[in-house]
Amino acid sequence: MILLNPGPVTLSARVRQALQQEDLCHREPEFAALTLDVRDRIEHIYPAAAADYAAVLVAGSGSCAVEAMLSTFAAHDRATLVVCNGVYGERMAQMLAQQRKPYVPLLLDWQGGIDVAKVEQALDAHPDVATLAVVHHETTTGRLNQLDELAALCQRRHIGLLVDAVSSFGGEEIPFERWQPLAIAATANKCLHGIPGVAFVLALREVLATPHGHATTLYLDLERYYVAQQQGWSPFTQPVQAFQALQEALREFAEGGGWQARQARFTALSNAVAQHLAAKGVQPLLGAGESSSMLRAYHLPARLPYDLLHDALKAHGFVIYAGQGALAAQIFRIATMGAIADGDLQRLLAAFDDVFAREA
Ligand SMILES: *Cc1c(COP(=O)(O)O)cnc(C)c1O
C-alpha cells in the first residue's frame with residue numbers, strides 16, 4: 001500500500017529494516033548515544049538553528065510536540081495569540097483552552113492566507129499578548145503560510161513566535177535566522193520519513209535552560225526533558241524502535257540532500273499529480289504557488305463522492321486523504337511525502353484514469 005495521506009508515510013526499506021535491531025533499554029548508554037545522535041541530526045537540518053536551538057524529543061505524535069510546546073512556553077499570566085486558518089491552528093487554541101491559559105483566537109478564512117494587518121489589529125487590541133502561535137504548513141488545505149512578515153512583526157513587538165511546523169519540517173525552508181522563533185514543533189513521521197511515536201520541539205537553548213514553570217503537566221514539560229536529554233537520557237520510557245527508525249531516516253535524509261532535495265522531490269510528484277488531474281478537469285483548491293511542496297487539495301469531481309474515490313484508489317493500492325471540517329464533502333488531498341518511487345507515481349496516475357473512466 002502506498003500512503004498518500006499526510007503522515008504516517010510509506011517507509012523506505014532501510015527505515016523498515018532499522019526496526020529489526022536488537023532490543024534496547026532506554027536506561028542503557030547505547031540509548032543515550034542514540035538520543036544524542038538523533039538530536040544532533042535534527043538540530044543540523046537547518047544550519048542556522050544549530051547554534052541556538054536544542055531539539056527536545058517527546059514520545060507521541062505531532063500533536064504531542066505542539067501541546068508540549070504550548071504547555072512549556074505559553075504563559076499563565078500573559079495571553080497567546082493563535083492565528084488560525086485551518087484545523088491545526090484551531091487545535092492549538094483548543095489546547096490552550098484545555099490548559100486553562102489565556103489565549104486570543106484569530107479565526108481567519110480557511111481558504112485564505114494570513115492577513116498580517118489583522119494580526120497587528122489583534123495585537124493592538126490585546127496588549128497582554130506575550131506569545132503568538134501559528135501553523136507553517138496548514139495541512140487542512142495544503143497552504144504554506146508565509147511567515148516572514150508575521151515573524152518580523154513578532155520581533156518588533158518582542159512577542160515569542162511558536163510555530164507548528166509538523167508537516168513542513170524537513171520538506172520546506174524554515175529560516176530560523178529570519179523568523180527567530182521561540183520554538184518550532186515537528187514530528188518523525190511526516191517529511192522526515194520516520195515512524196509515528198516520536199516528535200520533537202526545537203527551542204531556544206537559553207530559554208529552555210531558564211525554568212519558567214508554565215508547564216501544565218509533568219509529562220509534557222520540555223524543560224524537564226531538556227535537562228535529561230543534554231546527556232541523552234529521558235525522564236520517561238521512550239519508544240526505542242521509533243528512535244532507531246528516526247535515526248536511520250535522518251541518515252537517509254542527509255545522504256539524499258537534506259530538506260532542499262526532499263522539497264524538490266515532493267514538488268515534482270505533486271506537480272505531476274496536479275497536471276494529470278487538471279487534464280481530467282479536477283481543480284486544485286488553492287491557486288498556483290500557494291500550496292506546500294508535499295500536499296495538494298483538490299475539489300472532488302462532480303458525481304464522485306469521497307468514499308467512492310477513496311475506495312476505488314485503495315483497491316489499486318493507494319490511500320488518499322479526506323477533507324476536514326466544512327471541507328469534508330468538497331475536497332480530497334494527496335500528500336507526496338514518504339518513499340514514493342517513479343513507478344508508484346505512474347501506477348497512481350493510471351489508477352486515477354481507471355477510476356475516472358468507470359465512475360465519472
Ligand atoms: C499532522 C499534523 C499535526 C499533528 O497531527 P497528529 O495527528 O498528532 O500527528 C499537527 N499539525 C499539523 C500542521 C499537521 O499536519
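A search of this whole predicted structure finds 1 cavity of 30 Å³ or more. Begin there by selecting Leu 4, Leu 269, Val 273, Ile 334, Thr 336, Ile 340, Leu 345 and Leu 348, the residues that line the largest cavity.

Keep α12 on display and turn to the second largest pocket. Its volume is about 240 Å³. Of the 16 residues lining the second largest pocket, select His 193, Glu 252, Arg 262, Arg 265 and Gly 338, which lie nearest its centre. The largest share, 6 residues, comes from α12. The lining of the second largest pocket divides into 6 nonpolar, 7 polar and 3 charged residues.

Now move to the largest pocket, which holds about 290 Å³ of space. Among the 21 residues that line the largest pocket, those closest to its centre are Ser 63, Tyr 88, Arg 91, Val 166 and Lys 190. Display α4 and α5 as well, the elements that give two or more residues to the lining of the largest pocket. In this lining, 9 residues are nonpolar, 9 are polar and 3 are charged.

Select the ligand next; the largest pocket is where the ligand sits. Helices α4 (62-73) and α5 (87-98) are the elements that give two or more residues to the shell around the ligand. To show that shell, select Ser 61, Gly 62, Ser 63, Tyr 88, Arg 91, Val 135, His 137, Thr 139, Asp 164, Val 166, Ser 167 and Lys 190. The shell around the ligand contains 3 nonpolar, 6 polar and 3 charged residues.

Finally, inspect individual atom pairs at the ligand. At Thr 139, an N or O atom of the side chain is 2.5 Å from an oxygen atom of the ligand. At Asp 164, a polar side-chain atom lies 2.6 Å from a ligand nitrogen atom. At Ser 167, the distance from a polar side-chain atom to an oxygen atom of the ligand is 3.4 Å. Conclude with the ligand surface: taken alone, the ligand exposes 380 Å², and the protein buries 84% of that.

Methods. Residues numbered from 1 in each chain as written. Predicted model: local features only at pLDDT ≥ 70, side-chain atom pairs only at ≥ 80, totals over all residues. Heavy atoms only, no water. Near = heavy atom within 4 Å. Polar contact = N/O pair within 3.5 Å; in protein donor to acceptor, adjacent residues only side chain to side chain. Areas by Shrake-Rupley, 256 points an atom, 1.4 Å probe, with all protein chains shown as cover. 1 Å grid on protein atoms, 1.4 Å probe; cavity = no way out; pocket = protein on both sides within 12 Å on 5 of 7 lines; lining within 4 Å. Sits in = over half its atoms within 2 Å of the grid points. Helix = DSSP H or I, 4+ residues; strand = E, 2+ residues; numbered from the N terminus. Nonpolar A, V, L, I, M, F, W, Y, C, P; charged D, E, K, R; others polar. Points joined across faces, edges and corners; volume = space filled by probe spheres on them.
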